[in-house]
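Here are some notes for a colleague who is opening this structure for the first time. Please read them with the model in view.

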Amino acid sequence: PHDATTIPEPAPAMLQEIGAGASGVRIGWDERYATQDVIPPVAEAVAESVEVLAALGAEIIPLELPDVRPYMAAWPTLCSAEALAAHADTYPSQRDAYGNWFRAWLDRGAKVSGADYAAAANQRAELTGLLARAFDGIDMLACPAMETLPHRVTEDQLYDDGPQNFDPERMRFTAPYDMNRAPTLTLPNGMSEAGMPTALQLVGKPGNEPMLCRLGYAFEGATSYRAQPPL
């Protein structure tokens with residue numbers, strides 16, 4: 001019996017089925033998308049992670065995603081302009097209080113015209129439709145989070161001049177899902193020879209955070225990668 005003061009709070013909705021395992025979860029796998037122009041340690045670790053999920057009972061469904069690269073140029077326009085709106089209380093009134101990089105990002109957003117934003121929004125809508133069709137018949141997608149390994153950050157990099165040389169194509173595993181509001185979960189799935197972590201990214205359908213948490217919990221329970229700190 002529990003005293004009324006010790007009855008645990010109900011689990012948040014997204015965690016109520018966290019222990020249900022991976023059985024029956026339909027995971028989309030586009031080998032080309034997940035490995036093309038991805039460095040071998042990252043690509044190999046993601047492929048091995050998909051095998052782990054299959055062994056846990058997930059159903060791996062081969063698919064072919066649309067080419068997202070043509071839409072990546074819209075992301076900086078949308079992100080910088082929307083960041084500008086989110087920081088309206090402090091930018092530009094406290095512009096000098098921002099770090100170099102983000103200050104330059106907001107400066108970039110301030111230069112976005114209405115026509116620029118409308119064109120980028122049309123690109124986002126088109127990509128969202130393409131991804132919705134691609135996700136028909138699956139619960140989530142497995143892919144890398146980035147195409148390269150993480151790198152050590154130096155003090156100079158923390159205070160660099162800004163995003164002038166920003167390449168939006170490097171965001172092809174993250175920006176498409178930022179733009180269509182799909183939830184994602186990134187999980188450690190290995191370590192490179194240089195001691196830097198690799199990662200598996202799971203991309204769910206909008207509103208499907210509970211299943212992402214459930215699958216991530218199952219993956220972490222079957223592996224020990226989360227206990228391996230970077231060297």
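The points below take up an arginine, the cysteines and a cavity in turn.

1. This is a predicted model, in which local features need pLDDT of at least 70 and side-chain atom pairs count only at pLDDT 80 or more, while totals for chains, interfaces and linings use all residues. Residues are numbered from 1 along each chain as its sequence is written, and side-chain values use heavy atoms, with hydrogens and water left out.

2. Arg 124 lies in helix 5, which spans residues 114-134 (helices are DSSP runs of H or I with at least four residues, numbered from the N terminus). Arg 124 counts as buried because its relative accessibility is 17%, where buried means under 20% relative accessible area, exposed over 50%, and partly exposed in between, with a 1.4 Å probe and protein chains only.

3. Leaving aside residues up to four places away in sequence, Arg 124 touches Leu 78, Glu 82, Tyr 117 and Met 179, contact meaning heavy atoms within 4.5 Å.

4. How many disulfides does the structure have? The count comes to 0, a disulfide being a pair of cysteine sulfur atoms within 2.5 Å. The sulfur of Cys 79 is too far for a bond, because the closest cysteine sulfur, in Cys 143, is 18 Å away. Cys 213 is likewise in no disulfide, and its nearest cysteine sulfur, that of Cys 143, is 17 Å away.

5. Arg 32, Tyr 33, Gln 36, Pro 66, Asp 67, Val 68, Arg 69 and Arg 172 line the largest cavity (on a 1 Å grid over the protein atoms alone, a cavity is a set of points where a 1.4 Å probe fits but cannot get out, and lining residues have an atom within 4 Å of a point).

Note on methods
Helix = DSSP H or I, 4+ residues; strand = E, 2+ residues; numbered from the N terminus. 1 Å grid on protein atoms, 1.4 Å probe; cavity = no way out; pocket = protein on both sides within 12 Å on 5 of 7 lines; lining within 4 Å.
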